[in-house]
Amino acid sequence: MNAFGELRDSFAGWSEIVAGRGTAAQRFVLSRPGLAVAVGWFVVAILLSLVVQSIVVGVPPTTQLLFGIVAELVTLALLGLGLRQALRWLRAETPTLTLLVPTTYLLAYMFVVSIPLQLLSAVLGVVVLLLVALLIGRAGQVLCGLKPMAALAVAGVCVLVLVVVPNALYMLLLLFPSA
């Protein structure tokens with residue numbers, strides 16, 4: 001497997017998803033190794049985001065950096081669980097990886113794109129989140145054959161996870177005394 005080739009193919013896959021081409025799934029490696037590569041790019045995007053934020057705001061303590069990375073990985077894992085449950089509830093015959101692998105790449109793109117946008121305004125972060133939701137819904141239609149309302153339901157589950165889980169983890173962290 002070539003991680004850079006998979007990243008390149010993910011861009012092509014997402015342009016096919018946006019265009020509504022049914023061949024988009026062929027651009028992604030929809031297996032556990034393919035998911036591992038997508039998660040690797042997701043971590044790279046997180047690290048890039050942390051570097052830029054550290055340059056602008058200052059370098060936070062190492063424990064805070066590690067917690068941030070772990071929180072994002074927990075969010076991604078719960079997003080996978082949410083996708084699986086939503087697809088099961090909708091009785092979609094599509095395996096979870098069919099939607100999780102492209103969504104992981106999309107979230108990595110989101111981190112990279114949101115870096116300059118959040119420096120301009122926090123409201124633009126909300127715009128990026130809404131765009132991600134629309135794109136996940138579109139992927140649900142193209143890759144899983146979901147009807148528009150079902151695809152929006154899956155996208156809604158994803159937005160709930162992406163908003164609630166990081167906030168819940170942050171509140172959980174507040175329960176522990178600082179050093």
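**Briefing: an all-helix chain and its nonpolar core**

The chain has a radius of gyration of 16 Å (taken over C-alpha atoms), which agrees with the value near 16 Å that a compact globule of 179 residues would have; the globule rule is 2.2 Å times the number of residues to the power 0.38. This is a predicted model, in which local features need pLDDT of at least 70 and side-chain atom pairs count only at pLDDT 80 or more, while totals for chains, interfaces and linings use all residues. Residues are numbered from 1 along each chain as its sequence is written, and side-chain values use heavy atoms, with hydrogens and water left out.

**Fold**
- The chain contains 6 helices and 0 strands, assigned as DSSP runs (H or I, at least four residues, for helices; E, at least two, for strands).
- Its C-alpha atoms fill a box of roughly 50 × 35 × 30 Å along the principal axes.
- Among contacts (heavy atoms within 4.5 Å) with a separation of 6 or more, 74% join residues 24 or more positions apart.

**Core**
- Of the 179 residues, 40% are buried, meaning under 20% relative accessible area with a 1.4 Å probe, protein chains only.
- The largest nonpolar core has 50 residues, of which Trp14, Ile17, Tyr105, Leu107, Val132 and Leu143 touch the most other members; such a core is a set of buried Ala, Val, Leu, Ile, Met, Phe, Trp, Tyr and Cys residues joined through side-chain atoms within 4.5 Å.
- Helices H1 (3-19), H2 (32-57), H3 (62-89), H4 (97-120), H5 (123-144) and H6 (148-174) each supply at least two residues of this core.
- Leu107 touches Phe42, Leu76, Leu79, Val132 and Leu162, leaving aside residues up to four places away in sequence.
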